[in-house]
Amino acid sequence: MIETPEPDLRQQAQRAGSLTMTGSVATRVLGVVAIAAVGVMALLALWISPADAVQGDSVRLMYIHVPSIWVAYGGFVLTAFASARVLWRTRSGAGGTYGVIADRHARRWDRVAGAAAELGVLFTALTLVTGSLWGRVTWGTYWQWDARLTTTVLLFVTYLGYLALRRLPAESRARARRSAVMALIAVVNLPIVHYSVDWWRTLHQEASLNLEPGGDRNITGEMYWTLLYSWATFTVVALWIGIHRYRVLRLEELAEEASLEELLAQRRDEQAAGR
Amino acid sequence: MGAAVAFEGVVALLDRFPALAGVDLSVQDGEMVCLRGPNGAGKSTLLRACAGLVPVRGERAEVLGFDLRAQRRSVRPHVGLLGHRSPLYGDLRVDDQLRHCADVHRAGAPEVAAAIERFALGGRLGEVAIRRLSEGQQRRVALACLTIARPRLWLLDEPHAGLDTSSRDALDELLADAVTAGATVMFATHETGRSGIAAARHVMLSGGRVEPAAPVPQTTGPTDVA
Amino acid sequence: MWREIWLVCRKDLIIEWRARVTLIQIVPTVLLVLVVFAFALDANPSLLGAGAGGLFWVAVLFGAVLGAKRSFDIEAEGGNLDGLRLGGLVPAAILWGKAAALALQMVLVGVFAAAGLLVLYSVTVHDWLLIVVAGLCGMAAFAICGTLYGAMTVGLRSADTLLPLLLIPVAAPVLLAGTRAFDVALGTSADQGWSWTALLAVVLVTYIAVGWAAAGPLLEDA
Amino acid sequence: MTHAASVVVGYALTAAAVLAYAARVVRRGRSLGRSLGISGTGRNGDDAEHGREDRSGSDASRTPPGIEHGRDAASAAP
């Protein structure tokens, strides 16, 4: 009896109906909330919150710089968690009678890892851009070997490598497991990089005003709330795109499954012809 | 004795392509089975699946008593697989390769000596780097490794391809010896009508599935209902 | 288990002894990188002297990438990874065997690179013990990371270009700590060299643990 | 590059990048949906069960209609 890995795909997709637009009631609502939140954030960050005494208006960059690195880290932690699930689900002992179901759950977590990593890379890139813009105004140069920015660059390159590994065509199970191992190694590497770079930079920190972008100085009042609010907005936006990206990955697999059905039909014709 | 291979409804997916789409096959210990069928019928995948190298699903998938769905790795030491490309290290010399194979399979010096003598790999040939050997010689080294490993289940993928008649007979004799020594042999070939292998049970494979038992084609012609 | 690790390691070392790829190709390449650095920095002795520790580690990192790729090219050649698996070898044995062999070859590369450093950049070693310990830790860490990523990209079509992209971000902390430790050992900076070496050791131990965990998923399947 | 300019550029770049990525994802989803021939109007207000689809994992054993049972196919054909 042939069990295609994803039972009764066309029917499932049909019933879902919405998959064509990868939208659904949930994502519609989330989308509206995201847009509203962004509107309010722009208002808050650009006008209502005060300019900083020292940095002037450039402090407003902090409201997008800090949340984007937080969301990026969130994405990578989610990727690591999903990868651990993938490895657990596809361990050789997991075959047995649950072969099909284990495989389906593993692929589901693999999609989560893929979507979360892509978002993580996007927001890491934004962190770098806003960080260097802030640096241009504060330090006078686009790039300064500041511990935080250096760690972010390494993070960015590491996960670019992860996305490159995911894109390589390979047997889906092996690809999922391979990407999962890489994601876990990358997450173990994060603290190592962070600590070594911090230690390297703090030893050599010149005496100059070392205002880190979104630095550790305790900020209070509207700034604090604006920052918190911006972080919430970024998370909602990231979630919204993430769900859509997850569903697109699912659609890509449905497309592959559809071609699988034709292959199955061909195989049966081969057999009939072969006799 | 037990069944060396017991497959029921086995499915193996190679990146979503159903290389094995519901295989039902049973091979007893000490039997010699010849897998036949057109290219792309899944012969190679079936052999690799029996060797525990491919994740499989289905109602029953047991080789040498090991359930392939759960303990795929534990069947591997008892199995010998010879694919199209013989698993040899081009930079190693012939004797290095044989010694490495013996150590991995915990074989002693006598087995190595016997294999060297049987496949005429002794003397100066021993010091030659495998990369510089001809295709036939490399095949002999791979078969020597297989003999040293003494697997209970021999899995060979088109071993006769490219061999001259004397080598073919030597190969058939080797397989026959293996069976008399109690091993089970399964080999794939797409050549039709190999007289020397009449003793083997023929299994037709096409479209990723095993044909219902097509008896060895007698002279009476196509009376059998496929 | 140790027997299997030694078998795989011995096999790799014999292949190296027969083909001598590391000795004849990778070592000269690393020395060439040291020479090319001098061109880039206009052979200015003070500059080269100051950067000697760092340039050493960049050159050796380049050697590690080549070594890791070579280590798994020999396996991908005849589908030999299946051969090892069919020998009943546990994935961890394959990984540690190859990592040990790569580590020994990296030490070889390191020794030659250090010799090149002393000659080409005319630096003097103030603390031999520190330079040896930091060097060994660094080489071992490079070997383990290299083997992990070599196993991850074995057989992939674009493994040549992907391996450096995957390996270098992970090797960056080793390069950073190694450079600082070497700067102290060569007397170019008054840092706490031994604490940097301690960081190197921590990274090494971390990657030994990662290796144990990742061996199964990486090398289990065909 | 005044403070205000850097802020404007920063916000503009961020917005542009996020929107571009979101657009690419949704466009890809729409083209895949069409190629899969999944009909389904844009409006799917009543499709509340979509959420359930993700959590349904129970129907793994049903055989897809298009593919008959392995053994029957072999014996049915002449």
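Modeller: At 32% relative accessibility, Asp177(B) counts as partly exposed. Buried means under 20% relative accessible area, exposed over 50%, and partly exposed in between (1.4 Å probe, protein chains only). This is a predicted model: local features need pLDDT of at least 70, side-chain atom pairs need 80 or more, and totals for chains, interfaces and linings use all residues. Residues count from 1 along each chain as written, chains are lettered from A and ligands numbered from 1 in written order, and side-chain values use heavy atoms, without hydrogens or water.

Now the partner. Asp177(B) forms a salt bridge with Arg118(B). That term means a side-chain nitrogen of Lys or Arg within 4 Å of a carboxyl oxygen of Asp or Glu. Here the closest N and O atoms are 2.8 Å apart. The pair links distant parts of the chain, 59 residues apart. Asp177(B) sits in helix H6 (residues 165-180) of chain B. Arg118(B) sits in helix H4 (residues 109-118) of chain B. Helices are DSSP runs of H or I with at least four residues, strands are E runs of at least two, and numbering starts at the N terminus. Arg118(B) is also partly exposed, at 35% relative accessibility.

Chain C has a linked set. Lys11(C), Asp12(C), Glu75(C) and Lys98(C) are joined into one network by salt bridges that share partners.

Step back for the total. Over all chains, a search of the whole structure finds 28 salt bridges.

One of them is in chain A. Arg107(A) and Glu253(A) form a salt bridge, with their closest N and O atoms 2.8 Å apart. This pair, too, links distant parts of its chain: the two residues are 146 apart. Arg107(A) lies in helix H4 (residues 99-138) of chain A, and Glu253(A) in helix H7 (residues 222-274) of chain A. Arg107(A) counts as buried, at 7% relative accessibility. Glu253(A) is buried as well, with a relative accessible area of 10%.

Back to chain B for another pair. The side chains of Asp67(B) and Arg69(B) meet in a salt bridge, 3.4 Å from N to O. Both residues are buried.

So what is the picture? Asp177(B) is partly exposed, and so is Arg118(B). Asp67(B) and Arg69(B), by contrast, are both buried. In chain A, Arg107(A) is buried, and Glu253(A) is buried.
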